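Student: I would like to learn how to read helix packing and nonpolar cores from a model. Can we work through one case?

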Amino acid sequence: MLLTEDAMLPPRAPDPAFRRDIIEGLSRHPKATPPIWFYDRRGSELFEAITDLPEYYPTRTETALLKRHGPDFAAAVGAGRAVVEFGAGSSRKTPHLLRALDPAAYVPIDISGDFLQAASAQLASAFPGLPVLPVVGDFNGPLALPAAIDGLPRLGFFPGSTIGNMEPDAAVDLLRAMHRLLGKGSMLLIGMDRIKDRDRLIAAYDDAAGVTAAFNLNLIRRINRELEGDLPLDGFVHRALWNDDKARIEMHLEAVRPLHFHVAGQCFHMERGETIHTESSHKYGARDERLLLRAGGWEPLCEWSDGDGLFSLILAGT
Ligand code: AVI
């Protein structure tokens, strides 16, 4: 995988939401920033590299489930639905689902217009005759679906266990918003990562090659580049820990010495050992998954998991 060097990136106007979230997050005790800001160009490339790591089982396991259970999805979902994918990104898993389902249209939603256009063009040429109708937008906010799918039954597709990056209350709000957007009679196919052996979980978020560490530390580079920050890159180390009480992996950036730095003209201080909590990745037990879906207004219908119970794909209805 080709990784973009900072020097190759054109200067960008600071995103006011990025500035607000980072200043707010660094002013908090303990410090915490939302994980959406990992995904600048280099961050997205590093995430793609993470999905190929030997330790990072979720992508491989979910893709295998999508390949293996095509006929089961077809039987449970039926043909002729509009497939609406939330956070489509590079859409690498989508062809397996589209091949199985024979949908009437495909609507990928993603916040990154560049990524979305490229992935949509690729899918449209792989599935001639399938209307591909990309929507650029944040699925956490208000969205409208293309008029071309009015009247079609819908299947929401939310793979990758991205739901796990949300606090449970925000996850419930998002599931409800998906329900409202997709409408009555819709279905949702969602990927969720299971609770498992602690060492396996930690290895998946602290890999031997250091790609996840680079992904986490890239947030500091981004802050420095886009928000006139002067955070010392060598002042932080990547930490991944399992929070058993909250059933989640947490990623932190830990200060290795007392630090003073500036972001967008504001001064910050960190003690040695103090951290910035940059991401939570919640894991769910079989019952928790269903509870979460029901709280979000969806009724679980079928579930597919691998032999080791690492990851689940759940189909839910309204
Ligand atoms: C995008 N999301 C589901 C990933 C996860 O596993 O929580 C993000 C990630 N963070 C570190 N590695 C992968």
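Student: Which residues in H7 meet residues in H10?

Tutor: This is a predicted model. From H7, the residues are Pro168, Ala171, Val172, Leu175 and Arg176, and they meet Leu292, Leu293 and Ala295 of H10. By class, the contact has seven nonpolar residues, no polar ones and one charged.

Student: How is the geometry of such a pair described?

Tutor: Two packed helices are characterised by the angle between their axes and by the distance between those axes. Here the axes of H7 (residues 168-182) and H10 (residues 286-295) come within 8 Å and cross at roughly 55°. H7 is therefore oblique to H10.

Student: Which residues touch the most other members of the largest nonpolar core?

Tutor: In soluble globular proteins, nonpolar side chains tend to be buried together. The largest nonpolar core in this model has 62 residues, and Leu97, Leu155, Leu189, Phe236, Phe261 and Val263 touch the most other members. Helix H9 (residues 211-226) gives the most to this core, six residues. Both domain 1 (24-54 + 199-282) and domain 2 (57-195 + 284-317) supply at least three residues to this core.

Student: What is Leu97 in contact with, leaving aside neighbours within four places in sequence?

Tutor: Leu97 is in contact with Leu66, Phe73, Val83, Leu155, Phe157 and Leu189. Apart from this core lies another, of 29 residues, including Val107, Ala171, Ile190 and Trp298.

Student: How many residues of domain 1 are in contact with domain 2?

Tutor: 18 residues of domain 1 are in contact with 15 residues of domain 2. The centres of the two domains, taken over C-alpha atoms, are separated by 28 Å.

Definitions and conventions. Residues are numbered from 1 along each chain as its sequence is written. This is a predicted model: local features need pLDDT of at least 70, side-chain atom pairs count only at pLDDT 80 or more; totals for chains, interfaces and linings use all residues. Side-chain values use heavy atoms; hydrogens and water are left out. Axes are lines fitted to C-alpha atoms, for helices over the stretch in contact, and angles run from 0 to 180 degrees between N-to-C directions. Helices (H or I, at least four residues) and strands (E, at least two) are DSSP runs, numbered from the N terminus. Angles under 35 degrees count as roughly parallel, over 145 as roughly antiparallel, 65 to 115 as roughly perpendicular and the rest as oblique. Contact means heavy atoms within 4.5 Å. Ala, Val, Leu, Ile, Met, Phe, Trp, Tyr, Cys and Pro count as nonpolar, Asp, Glu, Lys and Arg as charged, and the others, Gly among them, as polar. A nonpolar core is a set of buried Ala, Val, Leu, Ile, Met, Phe, Trp, Tyr and Cys residues joined through side-chain atoms within 4.5 Å. Buried means under 20% relative accessible area, exposed over 50%, partly exposed in between (1.4 Å probe, protein chains only). Domain bounds come from an automatic or database domain assignment.
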